[in-house]
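Reader: Could you take me through one part of this model up close? I'd like the surroundings of the ligand, and one residue there in some detail.

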Amino acid sequence: MTSSSSPTSASQLGALQDEVQALRMQLARVTAERDRLLHDQRAGGAPIEKPSLGADAHVAARLERALAQGDLQLHYQPELDLVADRVFAYEALCRWNDAELGAVGPDTFIRVAEETGQIVRVGRMVLAQVLRDLSDLRHGPEAAELRVAINFSMQELSQPDFESWFIETVTNTPGQPFNHLEIEITESVFQRMDAEIRALLMRLQARGIRVAMDDFGTGYSSLARLHMLPFDKIKLDKQFVRTLNDPLVHEIVRALAQLAQKFGKVLVAEGVETQLDRDRLRDAGCTCVQGYLVARPAPLAQWVVAKPS
Ligand code: C2E
Ligand code: MG
Ligand code: MG
């Protein structure tokens, strides 16, 4: 996935960007229409309930306990290069099984943790655990290139000591594995990012850390600004994969794959569940995938091969 060596004129690139922008606007319209239809379909059914403040406070209290007792765990999900047939990264995904609440999904507890500020401690636990697990995940011919990706929220990046904590923690780890780490930040955070956080990400990139734009397609990134943002990798949101049978979406993914290649970025499709998804993505030029088709997120033990004694 390196930058193409074939020369591309600025006008060709400009035309391609305009085309992608037009296609994305059409996609936004199609998605809005689909959502409207789904909403109409559900009308009359039970309203979707927003969690109450009381419920969130209880989750926050239980999370406090889980953080103190070290009850949060990590699962890892591989990302596969279909051409090389090689796993090139694992994404660390936080899991919480509470004695009273049962399994609480990240969509709930990460949101609560962001609201309460507990997310900072979640992130500290995640980095520490990833650094402990890294050598077990890096094995075989993939070891030299393999990355482990960690999701970070805006609140974490905005901590005054985020950079010093991160650098110090990795520096104090044997092998100082900056080249094996990746930071995932959702597209919407990139849009809200100020110059200070952009500069922070660039300093981390200079150390060898890779930055991924997560859930691409869920925000409204201006293509005109995209080149100014510090990222090395784009993770296509699952909504693209779900709608790939639409020729328009197929063309958008094709154009994005071309743009990614021209700019030397890695493009990975998330939420790839079926062989049909995989084949359609490959047809569109997107050859790196993550999803249940390859493997579900699973504890470290699933990814560790028995080492010779
Ligand atoms: P994400 O970073 O976009 O992670 C991908 C999500 O898609 C994960 O959900 C994963 O389990 C799910 N997924 C993977 N393959 C498939 C598939 O083929 N089909 C479907 N339908 N889903 C698939 P999960 O684990 O529930 O995490 C949800 C979100 O919570 C993550 O989205 C991420 O934004 C956030 N998150 C998870 N762990 C952490 C963390 O440690 N820190 C922070 N700040 N956020 C986290
Ligand atoms: Mg992610
Ligand atoms: Mg994602």
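Author: Among contacts in the protein chain between residues at least 6 apart in sequence, 68% join residues at least 24 apart. Keep in mind that this is a predicted model; the chain's mean pLDDT is 87, with 83% of residues at 70 or more. The chain carries 13 helices and nine strands, and 28% of its 309 residues are buried.

Now to the ligand. Ligand 1 is surrounded by 24 residues, and the closest are Cys94, Pro106, Asn151, Gly291 and Tyr292. Two or more shell residues come from each of β2 (86–98), α3 (106–116), α4 (119–137) and β6 (210–216). By type, the shell splits into eleven nonpolar, six polar and seven charged residues.

Let's zoom in on Cys94, one of those closest residues. Cys94 sits in strand β2. Is Cys94 buried or exposed? Cys94 has 21 other C-beta atoms within 10 Å, so it counts as buried; the cut-off for that is 20 or more. Beyond its neighbours within four places in sequence, Cys94 touches Leu72, Leu74, Pro106, Val122 and Val126. Of these, Pro106 is also on the list of residues closest to ligand 1. Gly105 lies eleven residues along the chain from Cys94, and their C-alpha atoms are 8.8 Å apart.

A word of caution about two other stretches. For residues 1–7, pLDDT stays under 50, and the model gives them eight contacts beyond four places in sequence. Residues 45–50 are also under 50, with zero such contacts.

Conventions: Residues numbered from 1 in each chain as written. Chains lettered and ligands numbered in written order. Predicted model: local features only at pLDDT ≥ 70, side-chain atom pairs only at ≥ 80, totals over all residues. Helix = DSSP H or I, 4+ residues; strand = E, 2+ residues; numbered from the N terminus. Buried ≥ 20, exposed ≤ 12 C-beta atoms within 10 Å, placed from the backbone. Contact = placed C-beta atoms within 7 Å. Near = placed C-beta within 6 Å. Nonpolar A, V, L, I, M, F, W, Y, C, P; charged D, E, K, R; others polar. pLDDT = per-residue confidence, 0-100.
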